[in-house]
Amino acid sequence: MMNWWIIWSVWLLTLGFGVCREIECIPSERETLMKLKHHLKDPSNRLSSWNHNNSNCCQWPLVVCNNVTAHVLQLHLNTSPPTPEIYEYYEFDDLIFEDEEAYYEAIVAYERSQIGGEINPCLGDLKHLNYLDLSGNYLLGQGTPIPAFLWTMTSLTHLNLSLAGFQGKIPPQIGNLSNLMYLDLSFAANGTIPSQIGNLSNLLYLNLRTHSYEPLFAQNVDWLSSLSKLEYLDLGYTNLSKSFHWLQAVGSLSSLKHLYLRGCRLPLPHYSQPSALNFTSLLTLDMSDTSLFSFVPKWIFGLAKLVSLQLRGNNIQGPIPDGIQNLTLLQNLDLSENLLSSSILDGLYSLGHLKFLNLEYNNLNGSISNALGNLTSLVGLHLSYNQLEGKIPTSLGNLCNLREIGSSYLKLNQQVNEILQILAPCISHGLTTLRLQSSQLSGNLTDEIGVFKNIVRLDFSNNSIGGALPRSFGKLSSLKALLLSKNHFTGNPFESLKSLSNLTYLSIFDNLFQGIVKEDDVANLMRLKYFMARGSNLTLKVGPNWHPSFQLTYLDMSSWQLGPNFPSWLLSQNKPQGIDISNTGILDSIPTWFWRTFSQASYVNLSHNHIFGELATTLRNPISTITVDLNTNHLCGKLPYLSNNVYWLDLSSNSFSGSMDDFLCKNLDKPMHLELLNLASNNLSGQIPDCWKIWPFLLDVNLQSNLFVGNLPPSIGSLAKLQFLQIRNNSLSGTLPTTLKKNIQLISLDLGENNLTGTIPMWVGERFINLRILGFRSNNFSGHIPNEICGMSHLQVLDLAHNKLSGNIPSCFNHLNAMTIMNKSTDPLIQTFDYSYSGSSIISMPLWLKGREDEYKSFLGLVTNIDLSNNKLSGEIPREITYLNELIFLNLSHNQLIGHIPQSIGNMKSIQTIDFSSNQLSGDIPPTISNLSFLSMLDLSYNHLKGKIPTGTQVQTFDASNFIGNKLCGPPLLINCSSIGKNPSYDHIGKESHRHEVKWFFVSMTFGFIMGFWIVIGPLLICKSWRYAYFDFLDHVWFKLQYYVDVVSLFNVVKSKIVM
């Protein structure tokens, strides 16, 4: 009987296959598919065989028919995006792909193959269709709602609209699709989730993940309890803040295995646990980035079958909770980016199934226990960015399955070779990633490195490792990313690295490398894309016809020796995105091919070379590179034209000349996107054009040290985003235009060393509330200092010196909060981070401090300075100015100030220099001035001060010239205070002593002069030959002096010509 059953079954299967081979497409369904195709855009021709010449639609690609009834059952019209393998490069917070070029090519290919157009409602005529996948396409031009007819296709069991181009509300009619087992609407919907999804009782898979910036909203999720068969649920980034019983609803899903709530906005936690949670089958729980709690909810510790737990980015505080050790089946644990403190929980070391452990970006402290060796299944260990200290335990060498180790930014304080010796015996054969950046490593690398033959990413950057690179580096044939920057390595690195043919990313900058790099040294680096090697004493010595084997995406060879000729091998690079060859000794002009080669680049830096010539003549088209830095060269001629793709332009410290009119005003038809414009220290002349309205995105404008004349153009006021404006050291005249008060975002305004006139307007203090630097030095401003300046609470530098200001110093200076201890800046840099492409711009400014002019940049943000010197200010020094206990430099010299020095000057604990010289101050020097322990310069000369100079550790060290022109006594002056004001002394007889005493000093001085004169002149009068020889000597000396003066004068003239 059994044999007959087997024969019967085989016959039926054979009949079925025969039918399958012979089935013909149903004509009406074929016409439906043809209509569907007609409304679709198919750039990759995947639907090309959908035509009448091929009438059997069951044989069409992407179509699956029932092999008995011939009805169309499935349509696979999806387009799958590429999924690259990525690894992080922390030093630049960038992402580097395993094969970046191949990935971008795949992205382009994906975008070109996406199906577009419109989904024709005729699709609803396919009554037997149960599988529809439209994911990964660009339907309806992106952003249109999901077509309503789809909710009538009740035969569907599988519907995937993920990333299909739809974006709209999910209608209640979705409840009609009661046969659905698989529903993916991720990144395709917004608005409120309808409760009718609860009608889909057959669902096994539900994905409603959305964008963080346009999340779905759920008033409640009680409908979940109806989905009793659900095994996979993803509600990523959904707003569940009003779903107060979400946990009970989810907890009722006894079949649920995978739950993803990443980025969800959950309601405030209730500390009472639910009475029962049925999802004891849960294997995966992802609640990352919910920022919900400062603790791990206890119900999680009851999920005994949990294999993967991800709680990244939730502000979890305190120690790692003990309950995690109850999850004995865990294979993946991610607690990164929280606020965990204390040491690593000992119980973690008992999780023997653990494969991936991520504790990065916390505040964990203490040492790494030797019990780490118990985690023998571990594949990935990530402990970076914590306060862990002490050496890596030797037991780490027992973890033979380890593939990734991340221990950057720890306090290991260990010899690098000790770590390699721990890893070498068991781990080296399989390890692919080793990151030990900024972990206080020292010592030298040895040939032990050569045993890590499968290593792909190796990061030792920012440590204190020294010595030459061992030759065994050449054995790392799998190495793709090598980061050795900011160490003390020496020698020629390419003697060890030249055979790494798979190397894609090489960062060796800021080391002590030296030597000559030749063509053969880099010939095998054929896959190199990123090369960062600045700051070493290396010389590239190649022939003029050299064509490197690599094609670079980014190149940084700053401070190498590449010159004197411009490196012609750059012409061979096809797709460069960035290049920095600053300070490389180039003494040449820029070839015309350079701008064509780098026209699509985002960054070009040729600064601090000796590049000469007219830049405009080497350009056939306007500059289109996003960031261009050519500062400190010898470029001349007219300014180049720009396209509106340029965001950052630095041409400072060159010899550009002529007017700015063409540069600034030529493209009046469209706005320019430039954000930084630095033309300082050139020979630009004429008036500053009034065309700033077409440059609305400018944040930083620097025109200082040129030859500009005339008034400030009113249209500068149209630069609503402007933060830095520097036009010092020109010959501008006139008053401040009232339109300037529109620049309310200003952080630094420096118009010093011009010929500006008028009064300082009140609106300077009223409008520029963000200003940190105000420089009006060396102009012709007159009138009073407006009290409104006191409202500039961020002001750190106030320089109004060398003007014609009069009146009193405002008594409200104590309101300059940035100069007080409570509000002082702790950032050494003054910069902006609002640039679209080029990061931040750091401001610099010349300041007259301690009697000399110095350029401040690296710590300008820490400087506090008030300089009102060389004006016509009168009245007393206001006591309120001494309340500025974080003021460092104060100069009120060369005014007409009267009265006493405030007694409270001793409160200025941070003051370093005080200059009150050349005023009419009177009275005693306050004794509290001796309390100023940081004082390094004090000048009170030429006043009407009197009395004894206070004694203290600082005051007596100053030069006596700082106190002359007064009626002062005591050190450092030689005047003894005890002798001032006393009558001449009398002897004990009562007669005035010494009254008729002979002044023998003057008698001897007169006698000596007479004798010396005749000893020299007498022989010359008597002996004629001596007389001739003497005057001949004088003539010779005079000739030498005249020659020296002529040479110095000629040198100064030549120097001035060069500067011009």
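This is a predicted model: local features need pLDDT of at least 70, side-chain atom pairs count only at pLDDT 80 or more; totals for chains, interfaces and linings use all residues.
How many aromatic pairs does a search of the whole structure find? I got 23. I counted rings of Phe, Tyr and Trp (its six-membered ring) as a pair if their centres lie within 6.5 Å, with planes under 30 degrees apart called stacked, over 60 edge-to-face and the rest tilted.

Residues are numbered from 1 along each chain as its sequence is written, and side-chain values use heavy atoms, with hydrogens and water left out.

**Rings**

I looked up F566 and F594: the ring centres are 5.3 Å apart and the planes sit at 80°, so I logged the pair as edge-to-face. F566 is in the loop between β36 (554–556) and β37 (578–580), F594 in helix α7 (residues 592–597), so the pair ties together parts 28 residues apart in sequence. For helices I took DSSP runs of H or I, at least four residues, and for strands runs of E, at least two, numbered from the N terminus.

Buried or exposed, F566? F566 is buried, at 8% relative accessible area, and F594 is buried at 0%. My cut-offs: buried is under 20% relative accessible area, exposed over 50%, partly exposed in between (1.4 Å probe, protein chains only). F566 and F594 also belong to one aromatic cluster with W593, W595 and F598.

Next I checked two charges over rings (NZ of Lys or CZ of Arg within 6 Å of the ring centre and within 35 degrees of the ring normal). R534 lies over the face of F509, 4.1 Å from the ring centre. K666 has its charged end over the ring of Y641, at 3.8 Å from the centre.

**Disulfides**

My search of the whole structure gave 6 disulfides, taking cysteine sulfur atoms within 2.5 Å as a pair. With the bonded cysteines of the protein chain numbered in sequence order, I read the pairing as 1-2, 3-4, 5-6, 7-8, 9-10, 11-12.

C25 is joined to C57, S to S 1.6 Å, and the link is right-handed with 75° about the S-S bond. C25 counts as buried at 5% relative accessibility, and C57 is buried at 0%.

C58 and C65 have their sulfur atoms 2.2 Å apart. Their S-S torsion is about -95°, so I noted this disulfide as left-handed. Both C58 and C65 are buried.

I also looked at C790 and C812: S to S is 1.9 Å, and the link is right-handed at 70°.
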